[in-house]
Amino acid sequence: MAVYDGFEPAIGLEVHAQLQTATKIFCGCKAAYGAPPNSLTCPVCLGLPGALPTLNKKAVEFAAMMILAVGGTVHRRSSFARKNYFYPDLPKGYQISQYEQPVGGGGSVAYQSDNGSLGVCRLSGIHLEEDAGKLLHGGEKEGTTRIDLNRCGVPLIEIVSEADLRSPDDAYSYLLKLKQLLQYVEVCSGDMEKGHLRCDANVSVRAVGQEGYGTRTELKNMNSFKAVRQALRFEIDRQIDLLKAGGKVKQVTLLWNENARRSEVMRSKELSQDYRYFPEPDLPAVEISEAWLDGIRRALPELPDARASRFVLRYAIREYDAAVLTGSRSLADFFEAVMQYFDDGRAAANWILTVLLGGLREAGQEIDACRVRPAQFDQLLDCVKDGRVSGTAARQVLAEMIQTGSDPAAIIETKALGQISDPDRLLPVVDRVLARCDRAVREYRAGKTAALKYLIGQVIRETDGRARPETVNDLLGKRLKE
Ligand code: ZN
Ligand code: MN
């Protein structure tokens with residue numbers, strides 16, 4: 001853990017996650033990213049007089065899935081409230097959100113702490129709300145701001161944590177875990193660049209041992225997890241310096257300036273009464289029946305931690321490998337699909353994590369769009385196991401499979417990458433190498449056994465990695481005894 005000179009930070013995070021429903025939360029408009037500005041709007045999401053919202057059931061289900069995934073409680077009855085504030089990206093002048101009766105509460109997120117132990121951050125609540133539009137500054141004409149209201153009414157869940165995080169690194173790990181969970185239950189893409197996931201932080205410091213928290217500030221405008229970590233580091237240092245100099249921390253909202261790497265005061269913080277919350281009169285309360293909740297529970301996939309433990313037990317792989325494999329749902333699915341055909345978990349895990357992922361990275365591809373099918377991957381592993389191809393050649397075969405999606409056998413055949421174990425084919429190569437490397441031969445005869453390894457390596461090189469090492473070893477042994 002970071003040392004703060006007798007001080008201890010307390011960090012809480014507020015994450016807004018866009019739910020990937022087909023339509024918006026209170027109207028039938030498509031909830032899509034990247035459409036021409038203001039093309040996905042209607043009287044409801046534009047807030048025109050007389051337009052009435054109707055709740056998208058799917059948004060409630062997605063929120064409930066995430067609440068279950070963090071071990072929280074789905075409230076059987078919840079309701080919406082109006083959060084009033086004035087901003088140009090908010091045509092109604094209020095946001096439909098939840099206040100006194102949110103859809104869920106409690107739960108926690110367990111993450112790998114920076115000292116290697118398991119950290120736990122409690123959640124104070126998850127609620128549903130609608131997104132606002134987007135302001136586009138500059139662009140075609142400098143000094144102008146345009147408004148795109150496509151995002152208005154896209155469903156969000158706001159996930160608020162307790163101030164349980166004790167370092168910027170822990171905050172970072174917590175966010176990674178939260179994103180992993182959102183992606184696992186497939187309710188949010190987790191894409192921060194597109195704004196599908198956004199994070200604000202509140203942070204205070206207190207003397208170690210002090211009861212209660214110090215005055216907190218709020219940080220906004222961080223566009224990546226790394227920026228969150230950086231902004232927190234900056235703000236913690238700033239507060240400690242201030243306190244040490246005898247000053248007081250003021251409760252303000254700060255904007256993180258990525259380029260200058262410092263925070264700037266945006267405004268003094270509003271209190272919740274400034275929003276003048278009141279019950280949304282146009283929407284009835286949400287009642288979630290036991291049957292509905294059961295259905296949601298059944299739709300929940302196995303979660304990453306549980307899946308990793310099962311991988312360790314069932315496939316006898318290392319804990320670390322299981323954690324990486326379950327890092328994304330598609331990677332874990334791929335591994336399990338391969339294991340339907342293949343029997344050596346460790347070898348499969350190793351080949352997937354090093355060779356396949358390395359090959360995909362080189363090709364600029366993601367596992368989700370991988371052209372190699374699990375059955376084909378199994379065929380390749382079989383070829384390696386039976387010695388039909390060498391490890392080196394198998395990597396070449398896989399690179400080709402990634403590009404073309406062809407079967408390994410076909411690639412081995414057409415590219416002549418199969419392993420050569422026929423002595424009649426290898427003997428001429430062995431003789432060529434022996435004639436060329438007379439020094440290594442002399443050394444070997446003088447008792448330096450390491451020279452044999454060198455000679456084997458030379459033969460394998462001359463065959464472009466295709467000679468079967470055991471056969472080469474036998475042939476060289478025989479020749480050197482003559
Ligand atoms: Zn609409
Ligand atoms: Mn919010």
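The protein divides into domain 1 (7-291), domain 2 (302-414) and domain 3 (423-481), with bounds taken from an automatic or database domain assignment. This is a predicted model, in which local features need pLDDT of at least 70 and side-chain atom pairs count only at pLDDT 80 or more, while totals for chains, interfaces and linings use all residues. Residues are numbered from 1 along each chain as its sequence is written, chains are lettered from A and ligands numbered from 1 in the order in which they are written, and side-chain values use heavy atoms, with hydrogens and water left out.

I turn to domains 1 and 2. Their C-alpha centres lie 37 Å apart. Seven residues of domain 1 and ten residues of domain 2 make the contact (heavy atoms within 4.5 Å). The buried area is about 730 Å², and carbon and sulfur atoms give 54% of that; this is accessible area (1.4 Å probe) lost on putting the two parts together, summed over both. On the side of domain 1, Lys177, Gln180 and Tyr184 supply 71% of the area buried against domain 2, more than any other three residues.

Two salt bridges are counted between these domains, the criterion being a side-chain nitrogen of Lys or Arg within 4 Å of a carboxyl oxygen of Asp or Glu. Lys177 forms a salt bridge with Asp305, with the closest N and O atoms 2.8 Å apart.

Next, the metal. The manganese ion (ligand 2) is coordinated at 2.0 to 2.2 Å by His16 (NE2), Glu129 (OE) and Glu158 (OE); donors are N, O and S atoms within 2.8 Å of the metal (3.2 Å for Na, K and Ca), and sites may look incomplete because water is not among the atoms. His16 is buried, at 13% relative accessible area, and Glu129 is buried at 2% (buried means under 20%, exposed over 50%, partly exposed in between; 1.4 Å probe, protein chains only).
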